[in-house]
Amino acid sequence: MSKGIRFQQVGDRVEAYYLIKSATKGTASNGKPFLTLILSDQTGDIEAKLWGCSPDDEVTFISQAIVYLHGEVADYRGRMQMKISSIRPTSAMDQVKVADFVRSAPVSPSDMLEEINQYIFEMRNANIQRVTRHLLKKHQQAFLESPAATKNHHEFVSGLAYHVVCMLRVAKSLSELYPTLDTDLLYSGIILHDLGKVRELSGPIDTTYTLEGKLLGHISIMVTEIAEAAKELAIAGEEILMLQHLILSHHGKGEWGSPKVPVTREAEVLHIIDNIDAKMNMMDRALERVQPGEFSERIFAMDNRSFYKPSFHEPPLDY
């Protein structure tokens, strides 16, 4: 049985089933068509090229198709790539299904929802609490299934909820160190900051941007939803403006997609926590497949840097 994609090394020979996450047609320098396939299993993704593909191949090897292939893991410009020896579509005889190949958060959706609801329950500001609960309940199912992005960080089933839970835990620790932070506002901002992605993105498998996502984006979507929720709940007050500011500013800078820069403590801290959690997830994912003493693949979203996994081991504590 082949190792999962996350644990494969250059030179490994592979014989395994994979889900095609996406298939993109291209034309080689010799004028012949080829397919760029993103193959996935529950541990990760890897790119593969199907050279000289036929019209039948283009119809067969499409997004969400499951394939069986023989190949070898190769290095291509510092990134691992699957070199295909042979590939075939699967049938009912293979007894495999899409769910077998989809990565998901390490915590169950029900446990994450229970934890998030506890943060909402502990909010003392009734206006913030009601708006937060209303919007989470409205989008609950999609929120629990959605990835946090199409790529880069938390791009797996339930990734959005996991991103929120991790951010809430960081915020709770920071609020103990810095009691001037308004935790009701900060926790609500964390829960709502990316909730618009349930409308911006298409879903957990072969995630793409919806038309609404391309034209409006999750920030604009959620600012509008907060205003609509406040109107529906007959809530008026500065809290609504503060929440909207948290959403508008959470990317930090205009060049990073924020219509406004943070101008409150909670907005600045939300941006910092969001950045920490996204970057930790990217680094952890890149370094999971790296042996001690080696560098990871380059992470495009982190200035195209490679990260090093130290080879030393901490000695056991002597009690």
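User: Which residues in α9 are called buried?
Analyst: In α9, the buried residues are Gly217, His218, Ile219, Ile221, Met222, Val223, Glu225, Ile226, Ala229 and Ala230. Buried means under 20% relative accessible area, exposed over 50%, and partly exposed in between (1.4 Å probe, protein chains only). This is a predicted model, in which local features need pLDDT of at least 70 and side-chain atom pairs count only at pLDDT 80 or more, while totals for chains, interfaces and linings use all residues. Residues are numbered from 1 along each chain as its sequence is written, and side-chain values use heavy atoms, with hydrogens and water left out.

User: What makes residues 217-232 a helix, and how far does α9 reach?
Analyst: Helices are DSSP runs of H or I with at least four residues, strands are runs of E with at least two, and both are numbered from the N terminus. α9 has 16 residues. Its C-alpha span, first to last, is 23 Å, close to the expected 22 Å; the expectation is 1.5 Å times one less than the number of residues.

User: Why is the pair of Tyr119 and Tyr187 called edge-to-face?
Analyst: Rings of Phe, Tyr and Trp (its six-membered ring) pair if their centres lie within 6.5 Å; planes under 30 degrees apart count as stacked, over 60 as edge-to-face and the rest as tilted. The centres of Tyr119 and Tyr187 are 4.9 Å apart, with 85° between the planes, so the pair is edge-to-face.

User: Why is Tyr119 called buried?
Analyst: Its relative accessibility is 9%, so Tyr119 counts as buried.
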